[in-house]
2 protein chains.
Amino acid sequence: MTTRPSTHQVPEALAGGDSDDGPAGPPAPEPSHAERCRTLVAGANRGTLCTLAADPPGYPFGSVATFALSDVGDPLFFVSLMAEHTQNAERDPRASLLVAEPVAEGSDPLAAGRVTLLGDLAQVAGEERDAVRDRYLAANPTAAYYIDFGDFAFYRLGVKALRYVGGYGRMSWVDAQAFAAAEADPLVASASGIVAHMNDDHAEALVLVCRHQAERPETTEATMSAVDRYGFEVVATSPSGRAGIRIGFPEPVVTPEEVRAALVAMVRQAREASPTP
Amino acid sequence: MTTRPSTHQVPEALAGGDSDDGPAGPPAPEPSHAERCRTLVAGANRGTLCTLAADPPGYPFGSVATFALSDVGDPLFFVSLMAEHTQNAERDPRASLLVAEPVAEGSDPLAAGRVTLLGDLAQVAGEERDAVRDRYLAANPTAAYYIDFGDFAFYRLGVKALRYVGGYGRMSWVDAQAFAAAEADPLVASASGIVAHMNDDHAEALVLVCRHQAERPETTEATMSAVDRYGFEVVATSPSGRAGIRIGFPEPVVTPEEVRAALVAMVRQAREASPTP
């Protein structure tokens, strides 16, 4: 079965421009915040590392850092021993990493997803080092130039708490164990391509799906904003304004081919339900 | 007179791929790090705000924040009273803001400029509030949707220390008073357009300037990477490798038209010195 769509806030809604809560019904399935956090960090290799400064003492100190991920989602860093953040970590291991979704030029950065991972930094040594080195290089190929420099070291951030913000009005603290156990979305690498393809070539199909599956017959325009294994998100325009809605796939999907098959079936169903003259 | 070029490290040089220190002579004039910091923050409206978390206690907490600047370069924020960073700041005002230059897809984020401004967060109240509101809205037009919400407030980060990193091997602590007194580069808004235009339409002219003014007659290719009132930076390729070099303008420039005139004069001078057959 196709589950009902859910409505979430878009910036206009925040300012009261859209009061349409959409049809009632069970919400469309969506990734847990732990899964969203795993997906977000799996799709990035840089963020802001926050450590505690020596001078002025105890001030939080943000710096640019590139990273890879361990099996359980702990960020792995390769840093100069002379860098401020490394010296800060050696004095006090308390740290966090902020990872944010890319924001298109001119878009509102506060509407995009981001996660803050808080934990303790510890140098990686011994037999673990080779595996960490391989993971780091795979995620950061430009580091090959200096990966064997003597005055650099690998650090792991042992995540103990996470704050997730998915945009306006969608945020929570996430349990570290749930994060460690969660899987990144299998579509993480292909999602942006699917979204672009749907908006470029199948905008009319998205309108049909909003009218039928999302039960919003007044929809005149629809733009896909995200897709994951459980469903996808659309900004739908109607005479009463714009709303961000979520539509679930009948079954979770794993590959881009399965997304395509699910969407083709949904569009066919929408066409059969309301044939054009 | 045209001052001599200076050589700075590019990532290849970091890994030992380029040992060419270029011609001797006084270095080309360039912005102070205080000026570079002012220019960097003047060209941005978002960064990572770092505050101190309540739980886990004392951990540095990075979050996405949009900002404007006061006359003296203090960042100004407009934040929800319910947001984590606001509650953190109310408990402990120690904070920092990391602002990084945009990084092109596929480029090394550690080669780009960034600055960390450390200071104390304080709510803006009283008669100062209207001026701050105007500045904030000018820098963040999308905030117009919620600028008059009651549960938001303006905060100022009173900068007391700055850490500047201009890329590999170019970094320093910057005095807060020097930062407050420094001017953003007058070309901040036009620099990226000038760089793109020079590389797209005048690559040959850049090669001539590298050969003549920078005294690198072996140059075969040249790509401009930055421009400011005092000069510009070029990645120059020769049979012995690539090097990042800086070339000063004869006099500081203020407008794009003055940049154009200075470059035209330099290219003419280079052509006259070594006429093509």
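Buried residues, those under 20% relative accessible area, make up 51% of the 277 residues in chain A of this predicted model. Chain A exposes about 12500 Å². Carbon and sulfur atoms supply 53% of that area. Accessible areas come from the Shrake-Rupley method with a 1.4 Å probe; for residues, only the protein chains shown count as cover.

Local features need pLDDT of at least 70 and side-chain atom pairs 80 or more in this predicted model, whereas totals for chains, interfaces and linings use all residues. Residues are numbered from 1 along each chain as its sequence is written, chains are lettered from A and ligands numbered from 1 in the order in which they are written, and side-chain values use heavy atoms, with hydrogens and water left out.

Eight helices and eleven strands are found in chain A. These are DSSP runs numbered from the N terminus (helices, H or I, at least four residues; strands, E, at least two). The C-alpha trace of chain A spans about 75 × 40 × 35 Å along its principal axes. Contacts were taken as heavy atoms within 4.5 Å. Of the contacts in chain A between residues at least 6 apart in sequence, 62% join residues at least 24 apart.

Chain A carries 22 positive and 37 negative charges. Their mean positions are 1 Å apart. Lys and Arg count as positive, Asp and Glu as negative; His and the chain ends are not counted. Each charge is placed at NZ of Lys, CZ of Arg, CG of Asp or CD of Glu.

Backbone geometry was examined next. Most residues other than glycine have a negative phi, and most peptide bonds are trans. A cis peptide bond joins A:Asp55 and A:Pro56, with omega about 0°. A:Pro56 sits in the loop between strand 2 (46-52) and strand 3 (60-69) of chain A. In chain B, B:Asp55 and B:Pro56 are likewise joined by a cis peptide bond, with omega about 0°. The loop between strand 2 (46-52) and strand 3 (60-69) of chain B holds B:Pro56.

A:Glu215 is not a glycine, yet its phi is positive, near 55°. The residue lies in the loop between helix 7 (203-212) and strand 9 (221-228) of chain A. A:Glu215 counts as partly exposed because its relative accessibility is 37%. B:Glu215 also has a positive phi, about 55°. Its place is the loop between helix 7 (203-212) and strand 9 (221-228) of chain B. At 36% relative accessibility, B:Glu215 is therefore classed as partly exposed.

Methods
Buried means under 20% relative accessible area, exposed over 50%, partly exposed in between (1.4 Å probe, protein chains only).
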